[in-house]
Amino acid sequence: MLVAHAAQSIARGSKSFALASKLFAPETRERAWLLYAWCRKCDDLADGQDHGGTMSSVEDAQTRLATIRTLTDAALRGEATGDPAFDGLGVVVAECRIPHRFAYDLIDGFALDAAEWRPQTENDMLQYCYHVAGAVGLMMAVVMGVDPADDATLDRACDLGLAFQLANIARDVAEDAGAGRCYLPQEWLAEAGIAPGALMADRAKLAALQNRLAVKAAAYEASARHGTGALGYRSAWAVLSAAGIYGDIAREVALRGERALSERVFTTKAAKVGWVAKAALQARGRARKWPAGVGREGLWTRER
């Protein structure tokens, strides 16, 4: 029942991840779905959404955050919550021995949004990206069989989460601004001469910052590929497919320039299928093409 609920959730909430998840071995796929369903439910609770879509203004952000914490606490204790998304989390965490701190790191990201926090520096932005996406990368890596003590591989998994979130921020600048949010660092806005209260006033300058985000996303995507040698073939295939599909979002934002501020960027079904085929070949020679020993110089690193 929990897996069926999770399958419906991912089918509604993320066509890209739903496609990539089909490449996993069956047991890993079901666990990935369970983890996704919990992440999706938490995100929807925090933002007043239903499987994504347009954000609505919430007047009870702290109450919603408390609900997320309470239900997650119960799930991690192995207690039934009555909500299949949270019950599914309890199952996958117990089966895969996912460190509880990874789940709480994600909730800390929702807490930042509930407090209407905004990044002042690039480091702040990357810390936020960790909480809302990098931590998910850590949990997914453990679901795929990575030892929770394997910090080197987990750092690569975190890098992929950062790449995804940087792409999301670049794509959603205008949508976030409409909801009163801005995840671009204040120091970037100041350097570009953009007033925080007039984010959309100069689209050329804003498009330049979107491009800056896309370049950073590409760097983290490239780093993440060096962790795929630690995964089994099918997991590596799924990860490399997802990396290409989400990476195309950042690449398309950069390509469109100012147009990306007025038209939502998405990847076509044909492009997704193309990445699945390309990643099948990439996964065969992944350890040679992206050796694990390559350094991560210049990239943000999570706290241990």
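This is a predicted model: local features need pLDDT of at least 70, side-chain atom pairs count only at pLDDT 80 or more; totals for chains, interfaces and linings use all residues.

A charge is said to sit over a ring if NZ of Lys or CZ of Arg is within 6 Å of the ring centre and within 35 degrees of the ring normal. By that criterion, the charged end of Arg-212 sits over the ring of Trp-188, 4.0 Å from its centre.

Residues are numbered from 1 along each chain as its sequence is written, and side-chain values use heavy atoms, with hydrogens and water left out.

Rings of Phe, Tyr and Trp (its six-membered ring) pair if their centres lie within 6.5 Å, and planes under 30 degrees apart count as stacked, over 60 as edge-to-face and the rest as tilted. Searching the whole structure gives six aromatic pairs, and one of them, Trp-117 with Tyr-128, is stacked, at 5.6 Å centre to centre and 20 degrees between the planes. Because Trp-117 lies in the loop between helix 6 (100–114) and helix 7 (122–143), and Tyr-128 in helix 7, the pair ties together parts that are 11 residues apart in sequence; helices here are DSSP runs (H or I, at least four residues), numbered from the N terminus.

With buried meaning under 20% relative accessible area, exposed over 50%, and partly exposed in between (1.4 Å probe, protein chains only), Tyr-128 is buried at 5%, whereas Trp-117 is partly exposed at 22%.

Conventions
Helices (H or I, at least four residues) and strands (E, at least two) are DSSP runs, numbered from the N terminus.
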